[in-house]
Amino acid sequence: MKTIQKLLLGLGAGLLLIGCGNNSKEGSAGAMASSNAEKVYLAPGEHDEFYAFMSGGYSGNLTVYGLPSGRMLKEIPVFSQFPTNGYGYSEESKAMLNTSFGFVPWGDSHHPDISQTNGELDGRWIFINENNTPRVARISLTTFETEEIIELPNSAGNHASSFVTENTEYIVAGTRFAVPNPQRDMPIDEMKGEFKGPLSFISIDQEHGHMNLEFQLNMPGFNYDLAHPGRDKSHGWFFFTSYNTEEAHTMQEVNASQNDKDFIAAVNWQMIAEYIKNGGGTKVAGTYAHNTYDESTMTATTEMKQGVISVDPREVEGAVYYMPVPKSPHGLDVDPSGRYIIGNGKLSTQLSVYSFEKIQNAIQNKDFDGDAYGIPILSFESVLEGVVDSGGLGPLHTEFDGKGFGYTTYFISSEVVKWELGTWEVIDRQPSYYSVGHLMIPGGNSRNPYGKYMVSLNKITKDRYLPTGPELEHSAQLYDITGEKMELLLDFPTHGEPHYAAGIPAEKIKAQSKKYYELEENNHKYAVKNEADTRLERNGNEVHVYATTVRSHFAPDNIEGIKVGDKVYFHITNLEQDFDVPHGFAMIGANTSEILVMPGQTKTIIWEPKREGVWPFYCTDFCSALHQEMQGYVRVSAKNSNTKLRWSLDDEWKD
Amino acid sequence: MNIQFTIKSLTSVLVLAGFLACNSSDEKSNPNQSTGEAADLTETSASNKGQAFIEGDSEEKNALQLAIGSEDHTTLVTAVKAAGVENALVNVGPLTVFAPTNSAFDKIDQATLEDLLKPENKAKLANILVHHVAPSNYPVKTLEKNIEKDRKLYMADGSYLEVVRKGEDLYIGDAKIMASVNVSNGWVHIIDNVLLPNN
């Protein structure tokens, strides 16, 4: 039937013609492109309007960008060793990477979230989760350094994290890979009904930000994927998506998409916190590392903790419900008013919008559709408020602009769709290059979004930049979202794999950014605050070098009496008290990294000399005009030699 | 034919199709166009057209390229282009595409097809095409296992299809799988009937 083919061809040609009719109009985009350039251009020396903190994914770190320029400002080491400044290598920072599995030099960082007060970004701290060895970190937004890392026992795949409640009461952590809880040796294919998916609630001390693993909700063994807290009216609740409610233990790409719907877990955490306060829950086994960095001693310590309060969700009546959600959902997002909860069914074509009010009514009326392992399932029809039917394929994640619109990423159809809250009508759609994962609007998951820019974090880069071999950085795109239509302004590469980002107006944190550490407040055990106190101390084969740096020399810079087999600890205090005058320290043959020491700071690396000779050390940071001269020597003698331990600066030898 | 869809006009036309950039039947001519309008980078750079138009990223053909290269699938390719779902067929996937041949399209009754081709039903056309795509890897072996384990096949339009065995042959719905090709982003199974969604 050739006519059919002709009809289709005709239709195709018609569309092509219609589509391309506007080409000449768009062709004049030279002017538009240049105004886009103005929108992202910062004159030399000008500052960006927003900070964007992007997770590093498999880099384990957090990168800091400026928006709208897309300039990368810093990489903050969090879960991975970072030779650039010695994090995870220096004696002081190694403890940050301790876990119940021992020292783990790497992590997979996922979702940063900035602390909030009354549902608004407050710029105190930023939290980020680690997926592989379940952990959550807290980073200071004053020093931009990692201050604390807490491990989550009895869990695996901490993906639904590190989302912050609206007064930073709690941070949550989830279990994306259901596991036996407690862990035990058992056949994998007996998983169903046996594995668990604990959800961890970490309370935050408001003064210092210290994290405390308060309780774990021992949920059925589905894969808890993403989460968001309620806000405003729905404050006090937390919502988690789950997939693999089939509890498939193998070939999940097929076996985990059999159920037409999976579940969103709705958790009244206030009720559970009250239950715990009244002695509820059971203390169960669980070993976890809690690592804290003390800014005063400049040293991290590990406390290995035992036991955690476990809560059976069935024991706290009225606190935990499931809501059906189509097709292996990914993102779970709550609009700024807290009224609407959005489930992004990643294999569906639609978004499911739930109303908090309807959820409350359904609970009140016991409008249940059975239960899953004793947890009541709210009937889908009774809680569903609306559906966003954009026709896009593969919705992953939604944020809000604070002006009544949601923005959702679609991975398969590679686009961002703007839609209206309340009418659920699609307003605009723009392509992403390519296959977008999450997106970020500064404050876009808070009560008060700053709806000026939206950044899409794309999974596929391919030909966007000059080619650099098979391995490419990921790509981000910046859109202007002030108009009805989103407008693509800029492409820029991102480091690692940003799974999510958190943005904040620069004004909120810029002024608090620390410029240097006060030497007076340096309580490091091995700090020396002037050159007169610099010295060496031998204790058996351990030698401690109390050294200082100042432009442009080390004190001491000549050391003798070190022997093969010694363990030499170089404790370097940077005596500078000025903004941006770091000194580095590197020693030939050290089996560790350099250290980069900020003004007023003390850092330590260890060196174990293996050969006799005279060996140099030097400053790695181009600190001054005489940086090249900033070096010293260590004389290493045989193990049994009588060379006297002594040190000098400018030939003033001491011993 | 060196013409380009613009995103704006497309989105007004297509509700379901997802995004796509403009089709060009002659890729090679585009760089010339770009150099002619050097300032117009964001609109005409080759990569702003979408993943469907990136060249040489795999030795293997992707699902769309395979269909384009097949004489038996000219109707399907025309429909895909008309509905604007090219980019959905070239992304990283994995995808399993059930690709009706030209003669499969010929079997649709005239009335249904004419209805489908009405301008107001363009979204429906895209929906029908998406009904032929499963967002996962389904080689024949996995399809056979679906029968064995009583598993459903989840399609990208939100519906489920069943795979059954009739004699020596595998069927999806009432369409026989005539051949299977491994492509760079999944699998293409060539079928002898168009799969029409229930709705």
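How many bridges join β2(A) to strand β3 (residues 72-76) of chain A, and in which sense do the two run? Four bridges join them, and the strands run antiparallel. The model is predicted.

**Strand β2 of chain A**

Tyr65(A) stands opposite Met72(A) in β3(A). The two strands, β2(A) and β3(A), form a hairpin with four residues between them. In that turn, Gly70(A) has a positive phi of about 75°.

β2(A) also pairs with strand β1 (residues 50-55) of chain A. This pairing is antiparallel too, over six bridges. Phe53(A) has Val64(A) in β2(A) as its bridge partner. The hairpin of β1(A) and β2(A) has six residues between the strands, and Gly57(A) there takes a positive phi near 55°.

How enclosed is strand β2 (residues 62-67) of chain A? Six of its six residues are buried, so the strand is largely enclosed by the rest of the structure. Leu62(A), Val64(A) and Gly66(A) point one way. Thr63(A), Tyr65(A) and Leu67(A) point the other way. Both sets are buried.

**Salt bridges**

Side chains of opposite charge can pair when their charged atoms come close. Over all chains, a search of the whole structure finds 30 salt bridges.

| Lys (relative accessibility) | Partner (relative accessibility) | N to O distance |
|---|---|---|
| Lys94(A) (32%) | Glu91(A) (27%) | 3.0 Å |
| Lys261(A) (29%) | Asp260(A) (37%) | 3.5 Å |
| Lys514(A) (31%) | Glu295(A) (30%) | 3.5 Å |

The pair of Lys514(A) and Glu295(A) links distant parts of the chain, 219 residues apart. Lys514(A) lies in the loop between α8 (506-509) and β35 (535-539) of chain A. Glu295(A) lies in the loop between β17 (282-294) and β18 (299-311) of chain A. Lys514(A) counts as partly exposed, and so does Glu295(A). Elsewhere, Lys39(A), Asp480(A) and Glu487(A) are linked in a network of salt bridges.

**Chain B**

Chain B has 10 helices and eight strands. Of its 199 residues, 55% count as buried. Its accessible surface comes to about 8500 Å², with 51% belonging to carbon and sulfur atoms. Among contacts between residues at least 6 apart in sequence, 64% join residues at least 24 apart.

The mean pLDDT is 74, and 72% of residues reach 70 or more. Over residues 1-44 of chain B the pLDDT is below 50. This stretch still has 126 contacts in the model beyond near neighbours in sequence. Where pLDDT is low, the predicted coordinates should not be read in detail.

How values were computed. Residues are numbered from 1 along each chain as its sequence is written. Chains are lettered from A and ligands numbered from 1 in the order in which they are written. This is a predicted model: local features need pLDDT of at least 70, side-chain atom pairs count only at pLDDT 80 or more; totals for chains, interfaces and linings use all residues. Side-chain values use heavy atoms; hydrogens and water are left out. Buried means under 20% relative accessible area, exposed over 50%, partly exposed in between (1.4 Å probe, protein chains only). Contact means heavy atoms within 4.5 Å. Accessible areas come from the Shrake-Rupley method with a 1.4 Å probe; for residues, only the protein chains shown count as cover. Two strands pair if DSSP finds at least two bridges between them. pLDDT is the predictor's confidence in each residue, from 0 to 100. A salt bridge is a side-chain nitrogen of Lys or Arg within 4 Å of a carboxyl oxygen of Asp or Glu.
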